[in-house]
Amino acid sequence: VERSYIMIKPDGVQRGLVGEIITRFEQKGFSLKGLKLFQAPKELAEEHYTELQEKPFYPELVKYIVSGPVVGMVWEGPGVIASARKLIGATNPLNAEPGTIRGDFGIQSGRNVIHGSDSPENGEREIALWFKEGELVEWTRTIKPWIIE
Ligand code: GTP
Ligand code: MG
């Protein structure tokens, strides 16, 4: 089954968007397999965005991610990686469609509220980076047959 690492960034936590964001993923039908609030260590934030280390905004990006607590989550379901990216919206919130999380709640790329994995490979890489084995829970939503045929 496909899994995505979703992280509510420090601005999303500070602005009180945690419940709203979780609700959107729950209502879409995906299953929550891991959830924690934590202060990201700088080394892990750097590793998480290692593909972007040559970008001019990389130092600011790392500072942003460690600027306050984040909520890390693992969401599971068919097509969750691409679907989560749609729910989240474009990187620049001004380009993100209304109805998406960034489209509804942001203005700048440097304060775009939430992260979502961009491929199944990166999803698994990020889950392994941010979660220990025992922190993930194996369970089935009883509503599942009403969401997945
Ligand atoms: P993530 O889900 O966080 O990975 O965002 P993304 O996949 O939509 O974009 P990308 O991976 O290219 O960039 C990672 C993060 O870097 C973005 O979410 C932004 O927070 C930040 N970022 C990207 N481009 C810019 C930029 O031009 N300026 C600034 N300040 N930040 C940027
Ligand atoms: Mg990305």
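This is a predicted model: local features need pLDDT of at least 70, side-chain atom pairs count only at pLDDT 80 or more; totals for chains, interfaces and linings use all residues.

Trainee: What makes the pairs of T91 and G116 with ligand 1 polar contacts?
Mentor: A polar side-chain atom of T91 lies 2.5 Å from an oxygen atom of the ligand. For G116, a polar backbone atom is 3.0 Å from a ligand oxygen. Both values are within 3.5 Å, and therefore both pairs count. Of the 590 Å² of accessible area that ligand 1 has on its own, the protein covers 74%.

Trainee: Which residues surround ligand 1, and of what classes are they?
Mentor: The shell holds 14 residues, with Y49, R85, T91, S109 and N112 the closest. It comprises 5 nonpolar, 6 polar and 3 charged residues. Helix 4 (58–65) and strand 4 (114–116) each contribute at least two of the shell residues. The space that ligand 1 takes is the largest pocket.

Trainee: How do you know that local features of the chain may be discussed?
Mentor: Local features need a pLDDT of at least 70, and 100% of the residues reach 70 or more, with a chain mean of 98. For the complex, the predictor gives an ipTM of 0.98 and a pTM of 0.98.

Definitions and conventions
Residues are numbered from 1 along each chain as its sequence is written. Chains are lettered from A and ligands numbered from 1 in the order in which they are written. Side-chain values use heavy atoms; hydrogens and water are left out. A residue is near a molecule or strand if one of its heavy atoms lies within 4 Å of it. A polar contact is a pair of N or O atoms within 3.5 Å; within protein, one must be able to donate a hydrogen and the other to accept it, and residues adjacent in sequence count only if both atoms are side-chain atoms. Accessible areas come from the Shrake-Rupley method with a 1.4 Å probe; for residues, only the protein chains shown count as cover. On a 1 Å grid over the protein atoms alone, a cavity is a set of points where a 1.4 Å probe fits but cannot get out, and a pocket is an open set with protein on both sides within 12 Å along at least five of seven lines; lining residues have an atom within 4 Å of a point. A molecule sits in a cavity or pocket if more than half of its atoms lie within 2 Å of its grid points. Helices (H or I, at least four residues) and strands (E, at least two) are DSSP runs, numbered from the N terminus. Ala, Val, Leu, Ile, Met, Phe, Trp, Tyr, Cys and Pro count as nonpolar, Asp, Glu, Lys and Arg as charged, and the others, Gly among them, as polar. pLDDT is the predictor's confidence in each residue, from 0 to 100.
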